Amino acid sequence: MQEMNNPSDPATQASNPMILMEKVVKRFGDVTVLDALDFEVARGEKVTIIGSSGSGKSTVLRILMTLETINEGVIYIDGKPLWHEYRDGRLIPASEAHLRTMRKEMGMVFQQFNLFPHMTVLRNVTESPMHVLGLSRQKAIRRAHKYLDLVGMMDHLDKFPSQLSGGQQQRVAIARALAMHPNIMLFDEPTSALDPELVGEVLTVIRRLSEEHDLTMLLVTHEMEFARQFSDRVCFFDKGVIVEQGTPEELFTAPQKERTQQFLKSVM
Amino acid sequence: MLFGIEWDTANDWVFAWSILPILMRGLVVTVQATLLGFVVGAILGLVLAALKGARLRVISWPAAVLTEFLRDTPLLVQLFFLYYVLPEYGLVLPAFLTGALALGVQYSAYMSEVYRAGLESISHGQTEAARALDMAPLRTFAVIILPQAIPRIIPALGNYLVSIMKDVPVLSVVSILELLNVARIIGDRTFNYMVPLTMVGIIYLILTLIASAGIRYLDDRLPRHGIPLR
């Protein structure tokens, strides 16, 4: 999570994107979900992706987290290919070993939280740092404390997920992802499965994260008001392509394309 | 006289009491056959489930076909196969082992489905979360999936234990002296079938009730969300 270049420096942004997707095609059977998508995210940029269901927005996140393969195109994470690797100077499909290395750059927070129900809050957060990153038990616990404190869950270390509310579980899930020290955080509709009164506590954590850390963050959400406050850039996806993108002011107050206007009218 | 024990046919109650020791001998055989058949079935079922889950079609497809065959044919078919056909290939087992093996083979098909269904019932979100945390697939299986699947698998296996016990009388056709067979022999010798068969019915009822209570206890004790880890 180190920040080496000023993210607002245009030269840096232009020359070294954190995420670069080139002509990415993703098909599920006969359905083309991503249609030669070109997508770029700068280092430290906070991007929100909005769009209706089936527009491909969750698929983008899942592909970046290596949960889905791609049919065509190339993706670079911090200059390194994700679903490909270099062999004798040429790009070939990535081996599992390469994917396991690349995966460490990304962390993901899921709509359904996906905490491990048979482990305590603390163990949920220490499990992967200990056994994937090889941290000692003490180091892992210290790291877990740091992030659980950040999300405000230090009073619940020995509880099991079933004893927590949805908002609490999601906050633990955020801490769990952060504990792996990714450079990119992916949030796939993090509050869509929450009761309305629990949404705020999770959004507060995400906002605090965006303000206090230099992480590159990609957020898929229907919370338009939050997107307005949180984002450097908002992308509107429809039918597997980016229809329009811009700053929150540009996209929300003065959308150019008709499809964007239709969508915004229907959700706001 | 049977097993060197004499009985008294003075009246039904005296008769019943006097054949109880003999029936207990048969019960021991029944219980042994049940347990051995269950263990064989649980292990073979695991092997079958692993083969069926293999990525190579050349391994998974024959396993699937075998499972289907075992499920769709009567236990008696498997029993006769093992009892009459195996010796032709030089493998001669005592009748009891053949019977237990047949039970194990028959039920391995059902138990492999229990394993598969139990593992698949764990939400895919768990595997995705583990993958997002860059956990190795083997560790994901051992530490995330398996502890959550066990509370679902064990009660289902327990139900098959009861089924196996009720299928043990089939083994009598190859002269295994299990409980029902013993009762029938007593009936043949004394022409009083009612008493021994009624007793067998009652004993089976008691056994099934005990087994079911045991399974329910296990079900209650196993944590709903998976075996907790530290």
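Residues are numbered from 1 along each chain as its sequence is written, while chains are lettered from A and ligands numbered from 1 in the order in which they are written. Because this is a predicted model, local features need pLDDT of at least 70 and side-chain atom pairs count only at pLDDT 80 or more, whereas totals for chains, interfaces and linings use all residues.

Now select residues 1-7 of chain A: here the pLDDT is below 50, and the stretch has 16 contacts in the model beyond near neighbours in sequence. A contact means that two C-beta atoms, placed from the backbone, lie within 7 Å. Where pLDDT is low, the predicted coordinates should not be read in detail.

Six of them, in the order β8-β9-β10-β3-β11-β12, form an open sheet with mixed pairing; strands pair if DSSP finds at least two bridges between them. At the edges, β8 (106-109) and β12 (241-246) each pair on one side only.

Zoom in on β3 (46-50) and β10 (216-220) of chain A, which run parallel over 4 bridges. Pick I49(A) and you will find its bridge partner in β10(A), V220(A).

Finally, move to chain B and select L119(B), in helix α4 (residues 95-120). Leaving aside neighbours within four places in sequence, L119(B) touches I145(B) and A149(B) by the contact rule.

Definitions and conventions:
pLDDT is the predictor's confidence in each residue, from 0 to 100. Helices (H or I, at least four residues) and strands (E, at least two) are DSSP runs, numbered from the N terminus.
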